[in-house]
Amino acid sequence: IEVGKLADLVIMDKNPLENIRNSNTIHSVMKNGRLYDGNTCDEIYPSKHQLIKDEWRYDKPVVNTSVQD
């Protein structure tokens with residue numbers, strides 16, 4: 001990694017090569033030169049921004065497929 005370069009990487013707290021379950025220990029993620037918190041997905045570098053969670057909310061579909069329980 002060099003100054004002025006972009007990097008896509010995942011920073012983990014534990015080594016996933018030792019145990020595959022360690023792949024759940026994501027500390028940070030860097031994408032397109034921006035660093036995100038691994039737990040909240042909030043941007044922490046170059047500026048602090050909270051993740052807008054509205055994109056993840058959805059209403060129950062109103063489509064009726066006529067399938068009965």
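Strand 2 and strand 3 run antiparallel and are joined by four bridges. Strands here are DSSP runs of E with at least two residues, numbered from the N terminus, and two strands count as paired if DSSP finds at least two bridges between them. The model is predicted, so local features need pLDDT of at least 70 and side-chain atom pairs count only at pLDDT 80 or more, whereas totals for chains, interfaces and linings use all residues. Residues are numbered from 1 along each chain as its sequence is written, and side-chain values use heavy atoms, with hydrogens and water left out.

Strand 2 and strand 3 form a hairpin with two residues between them. Within that turn, Asn32 has a positive phi of about 50°. Further along this pairing, Ser28 stands opposite Asp37 in strand 3.

Strand 1 and strand 2, the latter spanning residues 26–31, pair in the antiparallel sense over four bridges. Strand 3, residues 34–37, pairs with strand 4, again in the antiparallel sense, over two bridges. In this pairing, Glu43 of strand 4 is the bridge partner of Tyr36.

Taken together, the four strands make an open sheet with the order 1-2-3-4 and antiparallel pairing. Strand 1 (9–12) and strand 4 (43–45) each have a single partner strand and stand at the edges, so one side of each is left without a neighbour in the sheet. From one strand to the next, the twist averages 30°; axes are lines fitted to C-alpha atoms, and angles run from 0 to 180 degrees between N-to-C directions.
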